[in-house]
Amino acid sequence: MNDTRSKTSVIPKVAYVLAGIFYGAGYLLMRYVAFPSDPQSVNWPEGGKILLSLLAPVIAVVFILLIGYIYGDAKRRLMRAWLWMLLAIFIPNAIGIILYFLMRDPLPFYCSKCGASVKSAYTFCPNCAASLRPTCSQCGRGIERGWAHCPHCGTAASGENRATPQAGSPPAQPL
Ligand SMILES: [Zn+2]
Ligand SMILES: [Zn+2]
């Protein structure tokens, strides 16, 4: 089953709207509030003030879209999206953002039988119980392709384990 979310942006639409509002507000604040009340910039050329007013709010736009990306990305990775979004916003010096990219879970698989998102560590689909990866014939636990023996009980993996493609491969991911 194809996942339609991979074809649309990870960043929620509301983040684009917020970024637009903040950009407009930032420009107006710089141009009509900050510069007129700043005695040091009184003699600056008008064009320079306009340019700065246009460029400075870009920082806010990048920040908002980055937070939006973290929210959308955490959600598709079945992580706590709200928690990570708040950490990214409130931990200073972008440490929350860096932590997120260091600690994020791998992208989930999509069950080939029912299409549910399942964590890549799972062996069986929690929704329909379909087998998501080869399992050991002796102890029933999941094993990776290419492994000659079960890491849990040592039983030799059968040849078909290595040949069977994993059910539900992750979608191609734009960053
Ligand atoms: Zn399923
Ligand atoms: Zn085993």
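## A loop and its surroundings

Modeller: Asn 93 is found in the loop between helix 4 and helix 5 (95-103). Helices (H or I, at least four residues) and strands (E, at least two) are DSSP runs, numbered from the N terminus. This is a predicted model: local features need pLDDT of at least 70, side-chain atom pairs count only at pLDDT 80 or more, and totals for chains, interfaces and linings use all residues. Residues are numbered from 1 along each chain as its sequence is written, while chains are lettered from A and ligands numbered from 1 in the order in which they are written.

Now the backbone. Most residues other than glycine have a negative phi. Asn 93 is not a glycine, yet has a positive phi of about 60°. Asn 93 counts as exposed because 7 other C-beta atoms lie within 10 Å. The cut-offs, with C-beta atoms placed from the backbone, are 20 or more others within 10 Å for buried, 12 or fewer for exposed, and in between for partly exposed.

Leu 78 also has a positive phi of about 60°. This residue lies in the loop between helix 3 (58-76) and helix 4 (81-90). Leu 78 has 14 C-beta neighbours inside 10 Å, so it is partly exposed.

Next, the core. A nonpolar core is a set of buried Ala, Val, Leu, Ile, Met, Phe, Trp, Tyr and Cys residues joined through C-beta atoms within 7 Å. The largest one has 12 residues, including Ile 64, Trp 84 and Tyr 100. Helix 1 (13-34), helix 3 and helix 4 each give it two or more residues. Helix 3 gives the most, with 6.
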